[in-house]
Amino acid sequence: MYLADPSKPLPYLDAENRVDEDRAGDKGEVSELDPGKSGTLTVELKAGKYLLICNVPGHYGAGMWAEFTVEP
């Protein structure tokens, strides 16, 4: 997800215990994977800060995310 303003929290659906992907600017996803399995996603990203998250209920809140920067 593109972080237009990294100081603002992502929109969260409390009732579903996950990030609102539509409002957060989702750039694509890998479907849920079984433990030990892997997936691939290829996207073209503009320069800026992004957040890679696991949006299985409760996973983002438990720390399954990584911030990264795309350089020009």
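Colleague: Which residues lie nearest the centre of the largest pocket?

Modeller: They are E29, V30, L52, I53 and C54, out of 26 residues that line the largest pocket (an open set of points on a 1 Å grid over the protein atoms alone where a 1.4 Å probe fits, with protein on both sides within 12 Å along at least five of seven lines; lining residues have an atom within 4 Å of a point). This is a predicted model, where local features need pLDDT of at least 70 and side-chain atom pairs count only at pLDDT 80 or more, while totals for chains, interfaces and linings use all residues. Residues are numbered from 1 along each chain as its sequence is written, and side-chain values use heavy atoms, leaving out hydrogens and water.

Colleague: What volume does the largest pocket have, and which element gives the largest share of its lining?

Modeller: The volume of the largest pocket is about 770 Å³, counted as the space filled by probe spheres set on the points. Strand 3 gives the largest share of the lining, with 4 residues.

Colleague: Okay, and how many helices and strands are there in the chain?

Modeller: The chain has 1 helix and 4 strands, in the order β-β-α-β-β from the N terminus on, where helices (H or I, at least four residues) and strands (E, at least two) are DSSP runs. The C-alpha atoms of the chain fill a box of roughly 35 × 30 × 20 Å along the principal axes.

Colleague: Switching to N55, is it buried or exposed?

Modeller: N55 counts as buried because its relative accessible area is 14%, and buried means under 20%, exposed over 50% and partly exposed in between, with a 1.4 Å probe and protein chains only. N55 lies in the loop between strand 3 (48-53) and strand 4 (65-70).

Colleague: What does the side chain of N55 make a polar contact with?

Modeller: It makes one with the side chain of E21, at 2.9 Å, and the side chain of N55 also reaches the backbone nitrogen of V19 at 2.8 Å. A polar contact is a pair of N or O atoms within 3.5 Å, one able to donate a hydrogen and the other to accept it, and residues adjacent in sequence count only if both atoms are side-chain atoms.

Colleague: Which residues is V19 in contact with, then?

Modeller: Leaving aside neighbours within four places in sequence, V19 is in contact (heavy atoms within 4.5 Å) with residues including M1, L10, I53, N55 and Y60.

Colleague: And where does G39 lie?

Modeller: G39 lies in the loop between helix 1 (21-24) and strand 3, and it counts as partly exposed because its relative accessibility is 41%. Not counting residues up to four places away in sequence, G39 touches V30 and L33.
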